[in-house]
Amino acid sequence: MFHSMNVAGGEILYRRDAQSWAAFELQLHQLQQCQQHFAALNVTERTALLQKFAGLLADEQARLAEMVCEEVGRCLHECQAELKKSVELIRYYVRLAPELLAHKTIATQASLSQVRFEPLGVVLAVMPWNYPVWQVLRFAVPALCAGNACVVKPAPSVARVTAALFDIVGEDLPIMPAWLDHDDTLKAIEATDAMAFTGSTRTGRHLAAHAGRHLKKTVLELGGSNAFIVMPDADLVQAAKDACSSRFRDAGQSCNAAKRIIVTEAVADEFIPLFLAECARLKSGNPKDADTTLAPLHRADLRDTVHEQVRDAVSHGADCLMGGEMPEGAGWFYPATVLDRVNPFCRVYYEEVFGPVAMILRAENGAHAVELANDSPFGLGAAIYSGDTGQAWQYAEKIQAGSVFINRHTSSDLRLPFGGVKGSGYGRELSEFGLYEFVNVKTYWQK
């Protein structure tokens, strides 16, 4: 069953049953035929269709942002930012794709040798609930530019906004939703040509293993537990503000948020009160209210998991400096929580915490801070705050992550590749590198 619930109010907004495999197979066959016609268009013809879609989405972004706010539970201003960035994403690739997908002639002993970027076919995307518009388009737009068709299996709890998004897409582009149950999702991997997955590391391993058995190209954007390193010479006031903003935006339900605040001992006693003061300003409430800065969690079970992780940390020696209590009343709210002196005996040391909980780790010096940053199964991103940017770059080179930000918290930029290493997955989205993930890089050679 696919359904959407108003996270703040509790009422069901939308329901639909999973489709049968036979119905999906018929739609997939039709999509495969559409993909062949779409791939035969030149890239500027394809991007013209995407440009039209960008205009339609821009006209509807306020309505979709409200839907995301209700179904996911994030603050309305955060949802509006998601829709704005989604429109920018489409227009970015409309500008970029014709140049990057152009045939590349390479001098060899041949009279003509070229590299061309050709589509793989139909790409399946298994998507999460937390950014139900952005994450679909982050995968789909570059894949479509290259001439692929796309099938999107949405998370069950964001069905209404997914259906609304595809209503806007219309029939111009070869992309369709897949209202499949979990077992049929594995069959869909076999029936398509490649897969993109965004979600937990555990599910990513399961889906990628199945795709591997059938030799399907995959791109995985999995969990994260980003380090936020505060060096002794950092601007502590700015670092405290940025750490709070990064950790608690979207109610802490972002893979790319700062989750492990690694503070060198020389400034820990000065930084921590500044950080707590920033956290104390957060205000829980209805996510549609303009003054709400800490939204509820998406589901009750997610909140229960976060609370269990906090209790486990305290039982293993961590200090809870604020929050940590399950609130009463309606809505799946959880207070901004800060755990100090987190150690390897705590689950949160190695697990991703998908909620409003910040962990403070104390480092002896900069080198030790890097060791702590790398002592994680994840490798999505990291941030380093330091007054010595030259040294910060040297530390950045030692961090095992897909991105390192210096004097800014981690985020995604359309112009830069996004993805991770280790348990955070492989492959890249965004930028020119994301454009090349789902193409056949094909060599041509003429005597």
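**Reading cavities and a pocket**

Modeller: Let us begin with the lining of the second largest cavity, which by class has seven nonpolar, six polar and two charged residues. Please keep in mind throughout that this is a predicted model.

Colleague: How much space lies in the second largest cavity, and which residues lie nearest its centre?

Modeller: About 70 Å³ of space lies in the second largest cavity, and of the 15 residues that line this cavity, Arg260, Ala373, Phe378, Gly381 and Gln400 lie nearest its centre. The elements that contribute two or more residues to this lining are β10 (226-230), α12 (366-374), β15 (378-379) and β16 (381-385).

Colleague: How many cavities of 30 Å³ or more does a search of the whole structure find, and what lines the largest cavity?

Modeller: The search finds three such cavities, and the largest cavity has a volume of about 80 Å³. Its lining includes Arg138, Phe139, Arg428 and Glu429, with the largest share, four residues, coming from α4. By class, the lining of the largest cavity divides into seven nonpolar, one polar and four charged residues.

Colleague: And how should I read a pocket, for instance the second largest pocket: which domains does its lining draw on?

Modeller: The second largest pocket holds about 750 Å³ of space, and of its 29 lining residues, Lys85, Tyr131, Arg249, Asp250 and Ser411 are the closest to its centre. Its lining draws at least three residues from each of domain 1 (2-222 + 422-446) and domain 2 (226-406), while ten of the lining residues are nonpolar, nine polar and ten charged.

Conventions: Residues are numbered from 1 along each chain as its sequence is written. This is a predicted model: local features need pLDDT of at least 70, side-chain atom pairs count only at pLDDT 80 or more; totals for chains, interfaces and linings use all residues. Side-chain values use heavy atoms; hydrogens and water are left out. On a 1 Å grid over the protein atoms alone, a cavity is a set of points where a 1.4 Å probe fits but cannot get out, and a pocket is an open set with protein on both sides within 12 Å along at least five of seven lines; lining residues have an atom within 4 Å of a point. Grid points are joined across faces, edges and corners, and a volume is the space filled by probe spheres set on the points. Ala, Val, Leu, Ile, Met, Phe, Trp, Tyr, Cys and Pro count as nonpolar, Asp, Glu, Lys and Arg as charged, and the others, Gly among them, as polar. Domain bounds come from an automatic or database domain assignment.
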